[in-house]
Amino acid sequence: MYVRSVTRVGKTRRVDRGVGDTTLRIKANLLGNDEGKLAVAVMPFLTLPTAAEGLGSESIQAGVIAPVSLELPARFWVGGMLQGNL
């Protein structure tokens, strides 16, 4: 993704532009998704510091995301995600 960042300190203005970091991830459904009222998945991810200086992280980041959704009465849904970083 192309990123443009503007930083102002006093009368000084700095503009950084370029491509952001690269994130790799995969999703595995543990429960539901195609059938049932409850769906649970796990998504491990790895972020690589490929951004230009001043735009992204300067280190490798990793973690796991766990999305959950639940069907409620009257065609309502509720969902959320938990994330843990290593």
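## Basis of the description

The model is predicted, so local features are reported only where pLDDT is at least 70 and side-chain atom pairs only at pLDDT 80 or more, whereas totals for chains, interfaces and linings use all residues. Residues are numbered from 1 along each chain as its sequence is written, and side-chain values use heavy atoms, with hydrogens and water left out.

## The chain as a whole

The protein chain holds 0 helices and 7 strands, where helices (H or I, at least four residues) and strands (E, at least two) are DSSP runs numbered from the N terminus. Read from the N terminus on, the order of the elements is therefore β-β-β-β-β-β-β.

The C-alpha trace spans about 55 × 30 × 20 Å along its principal axes. The radius of gyration of the protein chain is 19 Å, while a compact globule of 86 residues would have one near 12 Å; this radius is taken over C-alpha atoms, and the globule rule is 2.2 Å times the number of residues to the power 0.38. Buried residues account for 15% of the 86 residues, with buried meaning under 20% relative accessible area, exposed over 50%, and partly exposed in between (1.4 Å probe, protein chains only).

## Surface, charge and contacts

The protein chain exposes about 6,900 Å², and carbon and sulfur atoms supply 57% of that area; accessible areas come from the Shrake-Rupley method with a 1.4 Å probe, and for residues only the protein chains shown count as cover. There are 10 positive and 7 negative side chains, and the centres of the two sets lie 13 Å apart. In this count Lys and Arg are positive and Asp and Glu negative, while His and the chain ends are not counted, and the place of a charge is taken as NZ of Lys, CZ of Arg, CG of Asp or CD of Glu.

Contact means heavy atoms within 4.5 Å. Among contacts between residues at least 6 apart in sequence, 34% join residues at least 24 apart.

Two strands are said to pair if DSSP finds at least two bridges between them. Strand β5 (38-48) is joined to β6 by 8 bridges, and these two strands run antiparallel; one of the bridge partners is valine 68 in β6, which belongs with valine 40. Strand β6 (residues 61-72) is in turn joined to β7 by 10 bridges, again in an antiparallel arrangement, and proline 67 stands opposite methionine 81 in β7.

Strand β7 covers residues 76-85, and because the number buried among its 10 residues is 0, the strand lies largely in the open. Together β6 and β7 form a hairpin with 3 residues between them.

## The turn of the hairpin

Two residues in the loop between β6 and β7 deserve a separate look. Alanine 74 lies in this loop and has a positive phi of about 60 degrees although it is not a glycine; with 64% relative accessibility, alanine 74 counts as exposed. Arginine 75 is also placed in the loop between β6 and β7, and it too has a positive phi of about 60 degrees without being a glycine. At 78% relative accessibility, arginine 75 counts as exposed.

## Three partly exposed residues

Alanine 28 belongs to strand β4 (residues 28-31) and, at 35% relative accessibility, counts as partly exposed. Leaving aside its neighbours within four places in sequence, alanine 28 touches Ala41 and Val42. Its C-alpha atom is separated by 9.8 Å from that of alanine 66, which stands 38 residues away along the chain.

Alanine 52 lies in the loop between β5 and β6 and is partly exposed at 35% relative accessibility. Apart from neighbours within four places in sequence, alanine 52 is in contact with Arg17 and Val19, and the C-alpha distance between alanine 52 and valine 3 is 9.5 Å, although 49 residues separate them in sequence. Leucine 48, in strand β5, is partly exposed with a relative accessible area of 27%, and, with neighbours within four places in sequence left aside, leucine 48 is in contact with Asp21, Thr22, Leu24 and Ile60. Between leucine 48 and glutamate 71, which are 23 residues apart in sequence, the C-alpha distance is 36 Å.
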